[in-house]
Amino acid sequence: MKKSRAVAALLAASISLAGAATVANAAEQSASFRQDYLAGAITWDKVESRAKGEKELNFYYWGGDDTLNVWIDSVVRPAMAERGIKLNPVRIAATKDAVDLVLTELAAGKAEGEGSVDVIWLNGENFFTLAQQDALWGSFAETLPNSKNFVWDPASPLSSPNLRDFGTETNGREIPWSGEQYVCAMNGQYVQAADTPATFADLKAYLEDNPGKFTYVKPPHYVGNTFVQEAIYAHNPDGNGAEPFQKSVNELGAEELARLIAPGLDYLKAIEPLLATADGGKPRYPEDTAALDNMFLNAEVYFNCKFGIYAVNSGLITGRYPEAAREFIFPEKLMIKNKNYLAIPLNSPNPASALVFADYMSSVDAQASKLKTVGYPVGIDPTQLSANDRELVKIAAPSHYGVTSEDLDANAVADTNASLVDIIEATWLEYIERGSDKPIADIVADAVGKSAPE
Amino acid sequence: MQTASRQMKLSVFQRFYILAIVAFVLGPFLPLIIQSLAFRWAWPDLLPSTWWLERRTESPVPLAWDYVLSPYSQVGIATINTLFIGFAATLLCLMICLPAARALARNRFRGKRAFEFLLSMPLIVPEAVIGMALLMIYIRLGLAGSYTGIIIAHLIPTIPYMVRMLTSVYQGLAPDYEEQAAILGAGRLQILLRVTLPMLMPGLVAGALFTFLVSSNVFLLTFFLGQGRIVTLPTLLFSKISGGSLDASAAGIALVASLPGIVLFALSERLVREELFVGGLGR
């Protein structure tokens, strides 16, 4: 026993020593590359040639979508190989895993150039976490050649999702990859077009006639949070929808926030008895979109609300949606629209490859191909493109079922500030899930207190 | 021949029980197989309303088995990784456990009881806790995300089983045989190869098989310490079904994931039986 343990320890030590020497050198170079690049001292040619010398590119992304996996392997991998970069796509079960990995590595002393993650696909809370922990590489977005495909001028309303991710300033530390909108689908086999709800009041009326035929993903999943946010927008006592929710929790204050969100939460509590039920009569909130997709396919519910402008198209292609699935506009003028991004963590071991990758993903070709194959809407802003390229993107778009992209644009609204999302989520969990009797004002005050700056 | 004539005399009850066992063992596979061939299978349909083959040609993306068997699914590399890690961990585990089991079975020493108890600790502490603690150490050592790291980690849940199994095998093997061989002039290596190992073989094979099966099913340790970079069949399956639904490609991957175990069981079943009843002690 003793001997073998000693052997194992020796083995481990020698491996780590041999590894450490070569890694240390590369890490120093990565760190100086970062400083020089961010200072504007490195031309794009140099970035491209440095990328060729780097080991590989570790792209961490949610791997639950077969179609996306096929696209990454069959389109992106060869495109990167053309640029002399070996793409290593790492499929993860949840984006938070990659964020945790970066933070764990940083905590273990793996600083600049010494990590294992080069690029993460993320948005919202995950970006917020990395930004808060100073775990991001730096402001690279506007320095990429393809940054010309985005609107960066703060004066234009189109710039908003490029400059702010759920209210957190991006500062170019991530670059938009796809746009998304919260779209609801219904099962046309059971729901007549005339009965399709357009407002939250309509939905309640429908459910009173057809109890149990609706539910939403359970917060803290972001798809559930978004439904709650839309309900809160719709019941905003001041009647100005999303507007006040663009401010941070510090600007707004706990009391004001509680006043603004109370009617929406009361509505959600009121429809609770009308939602789909689990065994024992309690309302059933699916844990994630896959579970909701299943309930929708099995006609346990007739509606399916999630992020996905082309979700119906994909659902019909893969058989995940019932044959009669159709999109509809709900809630009118309040369909949350946002973008998701590619971020480079601070300790990326192959930063030049990461930059080339981010630039490739922002190209018209990559964006149009992703739109066509995977059905993920473009993250670039078509207004910035030439007429030819705009046409290219238009042709690549999958079909809509029941609505037009003009309808969707006309009903779009901004997402909620990331600092409020946490509070709203905590309030939902306390008020609805745990059925607390405390007034909403107290629950919000507690949640704000807990999330106060450390 | 004897067994054949016994089979003829099965009573109705015996047949019923055998059928019930078969149903329990094979039952879970049936929906998996159907699901893996389905395009759209909604409740309460007994069978899929649309089959994969009906949509196969017109679909713009590979569906069901087309996806599972394509390189995009990563099933190939995951299978290779699972087998490689499983064999390496089993071999390493045997090398550590054989001498340990011999000492435990034959020698008396202070604190033996406590040591035997300590051996099962890794089975008592939750895997997630071990994984989290190991990850920090691994990151510092540069072992995170490496095959070496995963193989070493797989020793944690396997050594307790292997030591216990081999100890009881050694206990059943009296030292007399080895002593007699020594008296007859055999060297240490000869004794090991010609006497000890053949007599240990059935227990050893069973222990190795068990170790391999445990290793090829370890999810959490592989997931934490492989940092997602080392894909094995369990991690692949988990990332597919973590959404809480089982679609056609997930069902296909699940079926592939159960193959190594089935093949190994079939092989070792023959091996163990032959060793025990045909070769066995008489050889």
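Predicted model: local features only at pLDDT ≥ 70, side-chain atom pairs only at ≥ 80, totals over all residues.
View 1. Salt bridges between chain B and chain A number 3 (a side-chain nitrogen of Lys or Arg within 4 Å of a carboxyl oxygen of Asp or Glu). A:Glu323 and B:Arg40 form a salt bridge, with 3.1 Å between the closest N and O atoms.

**View 2. The side of chain B that touches chain A.** Two or more residues each come from strand S1 (38–40), helix H6 (75–106), helix H9 (127–141) and helix H14 (233–241) of chain B. Helices (H or I, at least four residues) and strands (E, at least two) are DSSP runs, numbered from the N terminus. H9(B) supplies the largest share, 5 residues.

**View 3. Extent of the interface.** The contact (heavy atoms within 4.5 Å) takes 40 residues from chain A and 38 residues from chain B.

**View 4. Surroundings of B:Ala105.** B:Ala105 lies in helix H6 of chain B. Neighbours within four places in sequence aside, B:Ala105 is in contact with B:Thr167, B:Tyr170 and B:Gln171.

**Notes.** Residues are numbered from 1 along each chain as its sequence is written, and chains are lettered from A in the order in which they are written. Local features need pLDDT of at least 70, and side-chain values use heavy atoms, with hydrogens and water left out.
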